[in-house]
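Subject: Handing over the model

Hi,

Here is the structure I promised to pass on. Have a look at it first, and then read on for my notes.

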Amino acid sequence: MIGGAFDYDAALLEALRRVYGSELPLFLSAIERPSRRLYVRVNTLRIDPGSLLDSLRSRGIRVYRDEELPEALYFPVDGPYQVKDVGLRVVADKHASESVMLGANLYAPGIEDCDPEIKPGAVVSVVSPRGDVVAEGVAKMSCWDMKKRRRGLAVEVHRSIYRAPRLRELPEFSAGYFYPQSLPAMYTTYTLDPQPGEIVVDMCAAPGGKTGHIVEYARGLAYVIAFDHSQKKVKEMQREMERLGHLFAVEIWRTDSRYIDVDYPWLRPHRVLVDPPCTALGVRPKLYDRKSYRDVLASASYQKQFLRVATRIVKVGGVIVYSTCTVTIEENEEVIEDLIRGDPCLEVVDTGIRRGSRGVYGEFKDLYTRFHPHVHDVTGYFIAKIVRKC
Ligand code: SAH
């Protein structure tokens with residue numbers, strides 16, 4: 001095992017070494033930290049990026065334009081800072097701890113445990129389930145309420161390891177002016193390149209990050225169908241699309257996308273996005289992580305099923321884009337090669353992205369895009385583009 005934070009089995013470390021070689025320790029230490037830039041995508045159907053930038057800056061918020069993508073703005077992430085253990089502890093779940101580490105407040109649903117002596121007004125430490133101190137703050141309710149009420153603000157965070165604006169608390173967020181999204185995720189929609197008048201299927205769409213971008217990119221004039229299997233996530237996607245004002249342009253259908261070809265035999269989209277579940281090894285910051293090579297293989301076989309269905313539904317001449325926020329060859333280059341091998345009508349084409357770097361394996365490696373956390377200071381990401389020729 002390399003680095004205390006990552007409980008990855010030997011086979012998984014070997015798979016990572018195939019990608020990163022001697023740079024593996026650099027990769028692992030990069031994913032423990034957040035990127036230096038926290039990106040949002042401006043909802044260009046509601047506001048132009050310059051106006052949003054001016055309105056945020058007029059309130060003293062440090063925010064900048066991305067060098068290339070017009071709809072991408074970013075906020076600098078400051079830190080790391082020292083946070084001390086004040087004795088009274090609130091244990092946040094892993095997901096909540098990773099947000100609090102960036103300065104988010106802690107809400108009751110994210111709490112796993114707390115010191116029974118905690119009363120409103122007490123100064124407390126927020127710790128992860130593994131015991132890492134991620135922030136210091138003031139309790140807004142008693143420990144009893146944190147556990148019983150399961151809702152509301154539990155700890156107002158005053159000091160955290162990293163600091164970035166609390167995006168979801170900004171009035172511009174409620175107004176639907178932006179969507180927090182990583183830069184590589186935004187590039188995925190550029191590769192898909194959805195045009196007005198086209199039918200676009202997003203097979204694993206919730207919570208709708210890329211769906212929203214597709215709507216904006218095609219200026220609200222594409223017919224977008226967003227599928228997802230999870231009831232809870234479909235509801236969340238509905239709320240997000242409503243917040244952005246995109247419901248007029250999206251059909252949201254709950255389904256198991258591995259059977260779209262059977263359940264919706266009439267569907268012939270011009271473009272299909274496959275952004276399936278993955279091992280998320282590129283996602284950062286991670287306080288710790290536990291995964292095995294078996295997870296990678298299970299994920300890869302699931303991903304192949306989605307892609308196969310995409311090739312069955314897409315129109316002749318149509319485009320499929322595949323993206324993941326993970327870094328193994330098994331879930332990326334190999335998934336594409338496996339697909340191409342079985343169908344002479346499919347062709348891998350260039351993603352057209354000038355940022356990041358190219359693939360690391362296989363015949364088509366110079367056509368893929370990869371983003372590396374320790375090189376490009378973003379989420380680890382993979383993007384491929386396929387065309388159905390016949
Ligand atoms: N594209 C999204 C993120 C997708 S994460 C965005 O940009 O915001 C992967 C999604 O796949 C999850 O929402 C999960 O619910 C969904 N999923 C998992 N199995 C599925 C299945 N069999 N059919 C459809 N969706 C599935």
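To start with the helices: is the crossing of α7 and α8 right-handed or left-handed? Right-handed is what comes out for α7 and α8. Keep in mind throughout that this is a predicted model.

Some more on that pair. Helix α7 covers residues 183–192 and helix α8 covers residues 209–217, and their axes come within 10 Å of each other, crossing at roughly 45°. An angle of that kind falls between the 35 degrees and 65 degrees limits, so α7 counts as oblique to α8. On the α7 side, the contact is made by A185, M186, T188, T189, Y190 and L192, while α8 brings in K210, H213, I214 and Y217. Sorted by class, the residues of this contact are six nonpolar, three polar and one charged.

From α11, the residues in the contact are A300, Q303, K304, L307, R308 and T311; from α12, they are V335, I336, D338 and L339.

Now the backbone. Most residues other than glycine have a negative phi, and most peptide bonds are trans, so a few spots are worth a click. The peptide bond from G79 to P80 is cis, its omega being near 0°. You'll find P80 in the loop that links β4 (72–76) with β5 (89–92). There is a cis peptide bond from R284 to P285 as well, again with omega near 0°. P285 sits in the loop between β15 (271–274) and β16 (289–291). A280 also has its place in the loop between β15 and β16, and its phi is positive, near 55°, in a residue that isn't glycine.

Last, something for the pocket side of things. What is the volume of the second largest pocket? It comes to about 150 Å³. The residues lining that pocket are E32, M101, R130, D132, V133, I161, Y162, K286 and L287. By class, the lining has five nonpolar and four charged residues, with no polar ones.

Cheers

Notes
Residues are numbered from 1 along each chain as its sequence is written. This is a predicted model: local features need pLDDT of at least 70, side-chain atom pairs count only at pLDDT 80 or more; totals for chains, interfaces and linings use all residues. Side-chain values use heavy atoms; hydrogens and water are left out. On a 1 Å grid over the protein atoms alone, a cavity is a set of points where a 1.4 Å probe fits but cannot get out, and a pocket is an open set with protein on both sides within 12 Å along at least five of seven lines; lining residues have an atom within 4 Å of a point. Grid points are joined across faces, edges and corners, and a volume is the space filled by probe spheres set on the points. Ala, Val, Leu, Ile, Met, Phe, Trp, Tyr, Cys and Pro count as nonpolar, Asp, Glu, Lys and Arg as charged, and the others, Gly among them, as polar. Axes are lines fitted to C-alpha atoms, for helices over the stretch in contact, and angles run from 0 to 180 degrees between N-to-C directions. Helices (H or I, at least four residues) and strands (E, at least two) are DSSP runs, numbered from the N terminus. Angles under 35 degrees count as roughly parallel, over 145 as roughly antiparallel, 65 to 115 as roughly perpendicular and the rest as oblique. A crossing is left-handed if the near helix is turned anticlockwise from the far one by less than a right angle, and right-handed if clockwise. Contact means heavy atoms within 4.5 Å.
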